[in-house]
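Subject: Handover of a structure and notes on what was found

Dear colleague,

Please find below the structure that I am handing over to you. My notes on it follow directly after.

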Amino acid sequence: MTDTFETALSARVAAMADACTRCGKCVEVCPVTGAGGVDAEPRAVIAGVIDILRTGDGPDASRKWASACVLSGECIKACDYGVNPRFLLGMARVAMARRKDEPRDQRRHGVEGFRKVARDVTHISQMQLNDELLARLGQKGNAQPDSPPDFVFYTGCNVLKTPHIALLALDIMDALGVTYQVLGGPSHCCGIVQMRTGDVATSGRFAESTMDKLARSKSGQVVSWCPSCHVQFTETTLPTIEKSRGARPFEMTPFMLFLRGNLDRLRPLLRRRVDMRVALHRHPGIKGVVEAAEDILRAVPGVELVDLKQPAVGLMSNYFRALPAYRRELQKNELDAAERAGIDALVAVYHADHRELCAHERDYPFRIMNMLEMLQDVEAIAADCQDLIAQHGLDPATTRAAIQAMLDEQPLPLRGGRDTRHPRA
């Protein structure tokens, strides 16, 4: 089955590369070519990406463009020929990884990356949740429901570091009266970690195993939380499986789009007035999510939505790995614009954005909503969570390492030199 996945994926890449006319429109509209140092002529850049797909190597500008991709999706909208340049850039990164490392090293890097994700997710979630809540999020056994649910809710992995977000999603679905099964965490990996290292075989095995578990709802629908997992499934796994098996086992809908689709049912539940001026931290990587979030915010009585006139770039903040200076610039400009606008709250959709932004609530005169109260001192966090650490039998040294890894994700330093152990009240 793995060879079938690899063969089907390779065939998809080859067919899409052949369909590309090398017009360069995708490069022209990309919002990160400047920050990524991509200074060659657009036609030459996309032609070089096709070279990378076929040989694993290509011009420097093309390699820079592939590495700088933050999955904004503007390139997809610009193509007139049905090509998904974002998918091709992802596959170019895989080709570069495979050229760089031997298969043995690809597998090793994939294993190390997966173990790190599993360690961090397990420890950070267990520091915050008891067994009952972990079970509610599908992390303490996965008992099958008595009858197929309306849909499967797929959390992905990293939202479990900020589990209050996922639990809030479940509360909303309960209020809507829909039935669901929750799947996610390291035991339901989408395969993206292994794909990034070039280990396509292992990535395919993980993805197919998870995909078969997700195909359990009576509607044939999976509602996804994590945008990384969503893109991995909808642009890589599901089309490849459709090619190899002849059909898709399910369709996948982002949670924000699910909520907007149920807005008429949700609206009567929004009875409490919330008099706040809020701005939305925006990432356009999945079509329609920003607009859906804005519609939902406008449906809350009393909320005034403020446009900060800042660029909306990328899939999530953590996709700016290759562009750290640009990442810091975007976040600082947005926080400063929010301060000037006098808003009451900056609202982020995704978990990674919450983790990166929430500590700055200490320094700015507005709230950052849906946030985890992230303390800034590793030992203070560990001490604050010591009861749950003991309850779950977590190793203290490993727990501190997981906490530090989470804090290291914050790209923009806090303002000033004040005590960073506690957030601003």
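Throughout these notes, contact means heavy atoms within 4.5 Å. This is a predicted model, in which local features need pLDDT of at least 70 and side-chain atom pairs count only at pLDDT 80 or more, while totals for chains, interfaces and linings use all residues. Residues are numbered from 1 along each chain as its sequence is written, and side-chain values use heavy atoms, with hydrogens and water left out.

The nonpolar cores

Two terms are needed here. A residue is buried under 20% relative accessible area, exposed over 50% and partly exposed in between, with a 1.4 Å probe and protein chains only. A nonpolar core is a set of buried Ala, Val, Leu, Ile, Met, Phe, Trp, Tyr and Cys residues joined through side-chain atoms within 4.5 Å.

The largest nonpolar core holds 107 residues, of which Trp65, Phe153, Phe255 and Met256 touch the most other members. Helix H6 supplies the largest share of this core, with eight residues. Helices (H or I, at least four residues) and strands (E, at least two) are DSSP runs, numbered from the N terminus. Apart from neighbours within four places in sequence, tryptophan 65 is in contact with Cys26, Val27, Cys30, Thr33, Val38, Val45, Ile46, Val49 and Leu89. There is also a second, separate core of 13 residues, with Ala279, Leu335, Ala338 and Phe366 among them.

Helix H6 against helix H12

Axes are lines fitted to C-alpha atoms, for helices over the stretch in contact, and angles run from 0 to 180 degrees between N-to-C directions. The axes of H6 (residues 85–100) and H12 (residues 227–245) come within 11 Å and cross at roughly 95 degrees. H6 is therefore roughly perpendicular to H12; angles under 35 degrees count as roughly parallel, over 145 as roughly antiparallel, 65 to 115 as roughly perpendicular and the rest as oblique. On the H6 side, the contact is made by Arg86, Phe87 and Met91, and on the H12 side by Val231, Glu235 and Thr236. These residues divide into three nonpolar, one polar and two charged. In this grouping, Ala, Val, Leu, Ile, Met, Phe, Trp, Tyr, Cys and Pro count as nonpolar, Asp, Glu, Lys and Arg as charged, and the others, Gly among them, as polar.

The sheet S2-S1-S3-S4

Two strands pair if DSSP finds at least two bridges between them. Four strands form an open sheet in the order S2-S1-S3-S4, with parallel pairing. Its edge strands are S2 (180–183) and S4 (251–254), each of which pairs on one side only. On average, and with direction ignored, neighbouring strands of this sheet are turned by 30 degrees against each other.

S1 pairs with S2 over four bridges, and phenylalanine 153 stands opposite valine 182 in S2. S1 is joined to S3 by three bridges, with valine 152 opposite valine 222 in S3. S3 (residues 221–224) and S4 pair over four bridges, and serine 224 stands opposite proline 254 in S4.

In S2, Tyr180 and Val182 point one way and Gln181 and Leu183 the other way, and all are buried. Helix H11 (residues 200–214) lies across S1 (151–154), S2, S3 and S4, running at about 140 degrees to S1.

The sheet S6-S5-S7-S8

Another open sheet of four strands has the order S6-S5-S7-S8, and its pairing is parallel. S6 and S8 (367–369) stand at the edges with a single partner strand each, so one side of each is left without a neighbour in the sheet. Neighbouring strands here are turned by 35 degrees against each other on average, direction ignored.

Five of the six residues of S5 (residues 276–281) are buried, so S5 is largely enclosed by the rest of the structure. S5 and S6 (residues 303–305) pair over three bridges, and the bridge partner of valine 278 in S6 is leucine 305. Three bridges join S7 (residues 345–348) to S8, where leucine 346 has isoleucine 368 as its bridge partner. Helix H15 (residues 289–298) packs on the sheet and touches S5 and S6; its direction makes about 170 degrees with that of S5.

Glycine 73

Glycine 73 is placed in the loop between helix H4 (60–68) and helix H5 (74–78). At 11% relative accessibility, glycine 73 counts as buried. Glycine 73 and lysine 287 are 214 residues apart in sequence, and 7.9 Å apart in space, C-alpha to C-alpha.

With kind regards
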